[in-house]
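Here are some notes on the model shown below.

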Amino acid sequence: MSTTKDLSKYGLKNVRAQWNLDAETLQKITVEKNMGVETDNGTLCVNTGKFTGRSPKDRFLVKDDYTKDKIWWGRINKPISPENFDKLYDEVTNYLEGKEVYVRDAAVCADPKYKMNVRTVTEYPWSNYFIKNMFLRLDESELDNFEEEWLVLCAPGYEASNPKDFGIISGNFSILNFTRKIALVAGSAYTGEMKKGIFSALNLILPTEKEVLPMHCSANVGEGGDTAIFFGLSGTGKTTLSADPDRKLIGDDEHGWTKENTIFNFEGGCYAKVIDLTEEKEPDIYRAIRPGALLENVVFKEGTKEVDFFDSSITQNTRVSYPIDHIDNIQTPSYASNPTNIFFLTCDAFGVLPPVSKLTPGQAAYHFISGYTAKVAGTEAGITEPVPSFSACFGEPFMPLHPAVYAEMLSNKMKEAGVNVWLINTGWSGGPYGVGSRIKLKYTRAMISAILEGKLDDVEFDTHPIFGLNMPKYCPGVPTEILDPMNTWLQKGAYVSKAIQLAHSFHINFDKFASEASEEILNGGPLIDSHHSLGEHL
């Protein structure tokens, strides 16, 4: 056996290893072991058990000489000692002794200059299937002498019996060790823990070692080679709006922006929510669900093998992973140059923010650090009216560095590349949720098309009196009266008071970042705070 295929170097003893199995074989094994079933069209479907989403409270980073002064420690990035990591790692390898495991050699980062080899060892065959879909697949010549840079070890069946003895909270855990270059996942079968583990590692490695800005975003490229980037939290339209018949998809979730001004996909696949999925609403995702894809936590219509996408009895977070080539209109390989426009998507349920506005570099950095959207009634238990929701860099749970580090990088890259940044509100107009109405998707698409085609380059802009945003006075295909949100409210006073309320929420949220932010970024926030009167700006 070649040394590259020797698992004993990881402390794995007497394991029966299955290497780089194809999708059909992994699917067959999963069904034979009663760990999954096939839908009526032959797609593999599994249940991830107790965990149907990530468990942020059980995520830890090893605090050692490499990380102690780099990471923004706190609620998101919790430390664990190297000694406790080593003890847990040994527990997991002992648990796997004598078992069958599945090994996948793959890579992340599509740009060859930044490609990183990752070896994944999983206890379950379908966990390996997920990695096959989501990481970059290698050809035979690349597999022959494969040397990994990182190891992912995933053992959902192991649970720590005395978590406190290891400095963790629960029996399940997801831990990154940057010195040993290991992502350790145990006690949870939710596949997203593996994906987000390795991408959280990249979110530290790329900016500090490679001068690459990692981004939680989707991206596409036009026929003329112009690249567009879409940031946005769940429910803001990131996947929907980046799927454009006239533009090729680079990727839908994780990208890097290099010093050479290339935008590259981290991944080799897509991991999409499928709750309430219809072919009409999301044709690309719907058609990607075929053999080779992996469905998670969906429910069948009674007495059939047909998926009921509207059934959320297991979870609202039903998912499918599939190789990116299940989408027709893709960029191959998945990277492109010349970033031209960046879109920050927000679903403002307060009906305050303009449907489209252009940001200065300072405003772009401020809104990037803020990562604002709003939760509407019904999205979570107990929410009866809109609630502001902020996630730094539109991906706070996966960002090991201080958000200001990523924001400064974004601001600098914007200036170097001459990129335009736009804030797009896909939420409410004419009043808050329950009073106004959601901005029509066709209007949002028209705004994005107008920007991509350069049709807003020469229009006049107004300045929003409270947020300081530059609002176009005209946009083809969009009713002019909705471009300034104050015009759409029956009572202007009610609009102003709601806008001030939201501005205060921004300021309160930003307080925790202010000490690390530059003057330019601080000036990019709303014009009014508790120390200013509205009269200065109206």
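1. Helices (H or I, at least four residues) and strands (E, at least two) are DSSP runs, numbered from the N terminus. With that convention, D253 sits in the loop between β13 (248-251) and β14 (254-257), while K196 belongs to helix α5 (residues 192-210).

2. The model is predicted: local features need pLDDT of at least 70 and side-chain atom pairs count only at pLDDT 80 or more, whereas totals for chains, interfaces and linings use all residues. Residues are numbered from 1 along each chain as its sequence is written, and side-chain values use heavy atoms, with hydrogens and water left out.

3. In the unreviewed UniProt entry, the annotation "binding site" covers K196, H216 and D253. These residues span 58 residues in sequence, yet no two of their C-alpha atoms are more than 10.7 Å apart, so they gather at one spot. From this set, K196 is part of the lining of the largest cavity. UniProt positions are in the numbering used here, feature names are shortened, and annotations may be inferred rather than shown by experiment. A cavity is a set of points on a 1 Å grid over the protein atoms alone where a 1.4 Å probe fits but cannot get out; lining residues have an atom within 4 Å of a point.

4. Is K196 buried or exposed? Buried means under 20% relative accessible area, exposed over 50%, and partly exposed in between (1.4 Å probe, protein chains only). K196 has 11% relative accessibility and therefore counts as buried. D253, with a relative accessible area of 11%, is buried.

5. Contact means heavy atoms within 4.5 Å. Leaving aside neighbours within four places in sequence, K196 is in contact with R54, H216, D253, E254 and F398. On the same terms, the contacts of D253 include K196, H216, K238 and E267. The side chains of D253 and H216 make a polar contact (3.0 Å); that term requires a pair of N or O atoms within 3.5 Å, within protein one able to donate a hydrogen and the other to accept it, and residues adjacent in sequence count only if both atoms are side-chain atoms.

6. In strand β10 (residues 182-186), 5 of its 5 residues are buried. I182, L184 and A186 point one way, and A183 and V185 the other.

7. Two strands pair if DSSP finds at least two bridges between them. Strand β8 (residues 150-155) runs parallel to β10, joined by 5 bridges, and L153 stands opposite L184. Strand β9 (residues 173-177) pairs with β10 in the antiparallel sense over 5 bridges, with I175 opposite L184.

Conventions
On a 1 Å grid over the protein atoms alone, a cavity is a set of points where a 1.4 Å probe fits but cannot get out, and a pocket is an open set with protein on both sides within 12 Å along at least five of seven lines; lining residues have an atom within 4 Å of a point.
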